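Q: Hi! Could you walk me through a few spots in this protein with me? I'd like to talk charges, strands and surface.

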Amino acid sequence: MKHPQSANPKPTVFKCFLLSLLLSLPFLLLRHHLRPHPPYPPPLPSSSGDLRIRPGYTSYEAYIQRQLNKTLNPRLRRVWTTRDWDRKVSAFARFFSDLQRRRLLFNSSRALCVGARVGQEVEALRRVGVADSVGIDLVPAPPLVVEGDFHRQPFADGEFDFEFSNVFDHALYPGRFVGEIERTLRSSGVCALHVALARRADKYSANDLLSVEPLVELFKGLELVHVRKVDGFGLDTEVVFRKKIRQPLL
């Protein structure tokens, strides 16, 4: 008597594997997005005393999570992309137009906005004619903003002619923040920062800047161009640097 042939289990196993893969894919993608960052050494106090790192971060992951609490806040993102959008894009466009008049920014410039959130600064640059502009932030906002940590920018050396940021106060490691701008700026490239000197920055800030002197000390490879008062959504001072031209080795 012949025994009936047993059913081939491979198709069933394969289907179960595909189903489990599809069910786990969202978790894997989320885990990749929130992958742990390599630890940094503890922040060191500024030698000038006018740059103070806020205490309370037990790890770099704790710092990143606190920044994400603001960046991913649904209410804030809704405000940034609706009620605040036109107002802030117009204000940023005025700042950038002034830099164009001062010949610190050109339509041909390749520009980067560091810590750009949903990309208001990038949109403003494009509206004033700087078409080759992009932003980085912990959370991407396509097509204006790509994912990136400003403590280690995802770009090659010397990629940009112009870099703008109004989030210096969010840097847990100001030296690394500045070092990455210096690294990715081209020779004679320009960096413009909006910072708060006259008031304490917001509750998500990682440092407090009390004068321009620490910035001048940190930007060793750049020379100070100008400092002026601005009304930049709680930030009161614009500081502009130009990267020094490297002399060829003889």
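Q: Is Lys 88 buried or exposed?
A: Lys 88 counts as buried in this predicted model, with a relative accessibility of 15%.

Q: What does the Lys 88 side chain meet in a salt bridge?
A: That would be Asp 84, with an N to O distance of 3.7 Å. Asp 84 is buried too, because its relative accessible area is 8% and the cut-off for buried is under 20%.

Q: Nice. How many salt bridges turn up in the whole structure?
A: A search of the whole structure gives 15.

Q: Let's go to Arg 110, then. Which residue forms a salt bridge with Arg 110 at 3.6 Å?
A: Asp 132 does, going by the closest N and O atoms.

Q: How accessible are Arg 110 and Asp 132?
A: Arg 110 is partly exposed at 24% relative accessibility, and Asp 132 is partly exposed at 42%.

Q: And what about Glu 159, how far is it from Arg 110, N to O?
A: The side chains of Glu 159 and Arg 110 meet in a salt bridge at 2.5 Å. Glu 159 lies in the loop between strand 4 (145–147) and strand 5, and Arg 110 in the loop between helix 4 and strand 2, so this pair ties together parts that are 49 residues apart in sequence. Glu 159 itself is buried, with a relative accessible area of 19%.

Q: Which residues do salt bridges with shared partners join into one network?
A: Asp 98, Arg 101, Arg 102, Arg 228 and Glu 238 are joined that way.

Q: Now for a charge with no partner. Where is Asp 169?
A: Asp 169 is in the loop between strand 5 (160–165) and helix 6 (174–184). Asp 169 is buried but has no salt bridge.

Q: What is the nearest side chain of opposite charge to Asp 169?
A: Arg 54, at 6.4 Å. The side chain of Asp 169 does have a polar contact of 3.5 Å with the side chain of His 170.

Q: Switching to strands: why is strand 6 described as largely enclosed?
A: Strand 6 (residues 185–195) has 8 of its 11 residues buried, so the rest of the structure largely encloses it.

Q: How do strand 5 and strand 6 run, parallel or antiparallel?
A: They run parallel, with 5 bridges joining them. Among the residues involved, Glu 163 has Cys 191 in strand 6 as its bridge partner.

Q: What about Lys 243, where does that lie?
A: Lys 243 is in strand 9 (residues 235–243). Lys 243 counts as buried, at 12% relative accessibility. The C-alpha atoms of Lys 243 and Glu 223 are 6.3 Å apart, although 20 residues separate them along the chain.

Q: Last topic, the surface. Which residues form a nonpolar patch there?
A: Val 216, Leu 224 and Val 227 do, with about 220 Å² of accessible area together. Val 227 belongs to strand 8 (residues 222–232).

Q: How exposed is Val 227?
A: Val 227 is partly exposed, with a relative accessible area of 40%. Patch members need over 30%, so Val 227 clears that cut-off.

Definitions and conventions. Residues numbered from 1 in each chain as written. Predicted model: local features only at pLDDT ≥ 70, side-chain atom pairs only at ≥ 80, totals over all residues. Heavy atoms only, no water. Patch = residues over 30% accessible without salt bridge, like charges linked within 9 Å, V, L, I, M, F, W, Y side chains within 5 Å. Areas by Shrake-Rupley, 256 points an atom, 1.4 Å probe, with all protein chains shown as cover. Salt bridge = Lys/Arg side-chain N within 4 Å of Asp/Glu carboxyl O. Helix = DSSP H or I, 4+ residues; strand = E, 2+ residues; numbered from the N terminus. Buried < 20%, exposed > 50% of the residue type's maximum accessible area, 1.4 Å probe, protein only. Lys, Arg positive; Asp, Glu negative; His and termini not counted. Polar contact = N/O pair within 3.5 Å; in protein donor to acceptor, adjacent residues only side chain to side chain. Pairing = 2+ DSSP bridges.
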